[in-house]
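User: I am new to this entry and would like to learn how to read it. Please take the features one at a time, with the general idea before the case.

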Amino acid sequence: MTVGNFGVVTRRTVLGASAAACATSAIPRAQAATPAKGDDAMVPVALRINGKDHHLTLDPRTTLLDTLREHLRLTGTKKGCDHGQCGACTVIVEGRRINSCLTLAVMHDGEEVTTIEGLGSPEKLHPMQKAFVVHDGYQCGYCTPGQICSAVAVLDEIEAGIPSHVTHDLNNVAFSDEEVRERMSGNICRCAAYSNIIAAIRDVAGEDKA
Amino acid sequence: MKTFTYERAESPAQAAAAALSRPGARFIAGGTNLLDLMKLQIETPAHLIDVNRLELDKIEATNEGGLRIGALVRNTDLAADKRVRRDYAVLSRALLAGASGQLRNKATTAGNLLQRTRCPYFYDTTKPCNKRKPGTGCAAMKGISRNLAIMGTSDACIATHPSDMAVAMRLLDATVDTVAPNGTKRSIPIADFHRLPGDRPEVESALAPGELILSVTLPKPIGGTHIYRKVRDRASYAFALVSVAAVFTPDKGGRFAFGGLAPKPWRVDAADAAAAQGAKAVAEAALSGARTTRDNAFKKDLTARTLASIFAEARA
Ligand SMILES: Cc1cc2nc3c(=O)[nH]c(=O)nc-3n(C[C@H](O)[C@H](O)[C@H](O)COP(=O)(O)OP(=O)(O)OC[C@H]3O[C@@H](n4cnc5c(N)ncnc54)[C@H](O)[C@@H]3O)c2cc1C
Ligand code: SF4
Ligand code: FES
Ligand code: FES
């Protein structure tokens, strides 16, 4: 038995060994009023995912991750730990990256979601997707959709001047490899493709002068 | 996850009233702690009251020269607020030392204060735990206790409060503003907000049933050099073994609050008073009465060394 970094006791935790802003126009939400009595009351949920509106009726327990994967077959977004520890499920909601495993779909009624499928397509890759290919930013690829969604948002966060743990002067936020490493720490890669992931992000940031 | 019914709160007062009247009701904000625990059936609310659409997401100046931080302000936004960066840097630093970018985008001010312990046995439903199941005993006392508390513990529970943000809030003498189900508002000094376990480790805060946090208020800025130093097993994305929040003032004064040591953010008047005498005196005062296990005795040395390091940084 080992104790995971986040308190969970497992024989081998997920973390055991190592360690584009969306349009703001929201769609009208489904009226998720208090459901009638009864334990398994379903709730209506409206989501705009990758620019397309979806009207769903869900068990309120359904996470945003399971909604994407199981109800909409958007299986690009991955489930690693299902507990906020690995980042494989990272998507961009209302312009901000979050762990889709730790939120309920109904909490996002009326909101905009961008997944890896929405960033680009095989015919028309997003620059970050292209850079991951060019720089070999993955091996098995399981963490990659989450890494790419996170990376796109990280560059926006640096651009917006949001500081990080490694920002020396809180009022002066600038791109550096150190900043990217810290900001990407919520995305674990079991294959340890980290150095190539940094190279891909550096490239997209336009910092790859070499 | 156990089944539950879901409701979106209409107003703070309505939310508080609903929380009292619906059996097994809980508020949900970012959900990053509550849903984690619900998946493991450690938390089993029968009814969720979603407070996310309430207008509690602003950071406003107070008449007293401080800041009122809405309960729903996300950790990212609080850390990045220009006034917080300038006047309460220790709070920005503490927030940024916690969790990950994704989690901070979701985690709220109130939810962060009320996040539950990371004691491994609290998470392991096959083991006794007085906090999870009152009266069953404490598996941690004779188990793996490396990340557990050395101050303020009881024979019932030695868990820590894992928040980084709360340590800075404690240092800054914040108050927690609430509304009760009957509509009464009150402000609770942060020192009194988190409870020590005593023989009721399952009761973790001063909140009454149904009471909703509206905001957290910071008094006017105190100036000085702000430092938050978090020591952990890896450089990022891990809970603290020990953390120290400190403000050093030019007159050799200072104040100190500690994370990773106790069931609540730990602050001792005598430690603040010892600031002029240096790190060793502060450590001695802060750790007076420590109760350690074989696994966590190292936290005493680690605290003293962390203090020595930040004194050197501040007084350099
Ligand atoms: C992998 C991982 C790593 C983490 N690492 C760190 C770390 O290093 N440092 C750290 O400090 N934290 C860390 N966290 C914890 C994180 O900070 C908390 O999960 C988060 O702050 C909780 O906020 P929330 O809004 O999501 O709360 P929720 O999960 O929504 O709620 C938590 C509790 O607060 C109650 N609540 C919420 N809002 C109110 C209100 N307005 N009034 C009354 N009650 C309310 C809820 O009922 C619930 O009981 C980590 C979490 C994860 C999953
Ligand atoms: S220390 Fe507290 S939380 Fe941990 S097992 Fe003991 S009673 Fe439970
Ligand atoms: S699946 Fe691991 S963080 Fe969501
Ligand atoms: S590429 Fe395999 S987990 Fe990252």
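Analyst: Start with strand pairing: two strands pair if DSSP finds at least two bridges between them. Helices (H or I, at least four residues) and strands (E, at least two) are DSSP runs, numbered from the N terminus. This is a predicted model, in which local features need pLDDT of at least 70 and side-chain atom pairs count only at pLDDT 80 or more, while totals for chains, interfaces and linings use all residues. Residues are numbered from 1 along each chain as its sequence is written, chains are lettered from A and ligands numbered from 1 in the order written, and side-chain values use heavy atoms, without hydrogens and water.

User: Which residue stands opposite K185(B) in β7(B)?

Analyst: V179(B) stands opposite K185(B). The strands concerned are β6 (residues 175–179) and β7 (residues 185–189) of chain B, which run antiparallel and are joined by five bridges. Their hairpin has five residues between the strands, and G183(B) takes a positive phi near 95 degrees there.

User: What order do the strands take in the open sheet with parallel pairing?

Analyst: Strands of a sheet pair through backbone hydrogen bonds, either parallel or antiparallel. In chain B, the three strands of this open sheet come in the order β1-β3-β2. The edges are β1 and β2 (25–28) of chain B, each pairing on one side only. From one strand to the next, the twist averages 25 degrees. Four bridges hold the parallel pair of β1(B) and β3(B), and T5(B) has H47(B) in β3(B) as its bridge partner.

User: Which helix lies across β1, β2 and β3 of chain B?

Analyst: For angles, axes are lines fitted to C-alpha atoms, for helices over the stretch in contact (heavy atoms within 4.5 Å). The angles run from 0 to 180 degrees between N-to-C directions. Helix α1 (residues 12–21) of chain B lies across those three strands, at about 145 degrees to β2(B).

User: What order do the strands take in the open sheet with antiparallel pairing?

Analyst: This sheet of three strands in chain B reads β9-β10-β11. Its edge strands are β9 (225–231) and β11 of chain B. Neighbouring strands are turned by 10 degrees against each other on average, direction ignored. β9(B) and β10 (residues 242–248) of chain B share seven bridges, and I227(B) stands opposite A246(B) in β10(B). α5(B) lies across β9 and β10 of chain B, at about 20 degrees to β9(B). Helix α13 (residues 298–314) of chain B touches β9, β10 and β11 of chain B, and its direction makes about 30 degrees with that of β10(B).

User: How many salt bridges does the structure hold over all chains?

Analyst: A salt bridge is a side-chain nitrogen of Lys or Arg within 4 Å of a carboxyl oxygen of Asp or Glu. Over all chains there are 33. One of them joins R255(B) and D173(B) at 3.4 Å, N to O. This pair links distant parts of the chain, 82 residues apart: R255(B) is in strand β11 (residues 254–259) of chain B, and D173(B) is in the loop between α9 (165–171) and β6 of chain B.

User: How many residues of chain B are in contact with chain A?

Analyst: 54 residues of chain B meet 59 residues of chain A. Buried area is the accessible area (1.4 Å probe) that two parts lose on being put together, summed over both. For these chains it is about 4700 Å², with 55% on carbon and sulfur atoms. Y6(B), Q102(B) and Y237(B) lose the most area on the chain B side, together 15% of what that side buries.

User: How many salt bridges are there between chain B and chain A?

Analyst: There are four, including D109(A) with R8(B) at 3.6 Å, N to O. Of the elements of chain B that touch chain A, α6(B) gives the most, with five residues.
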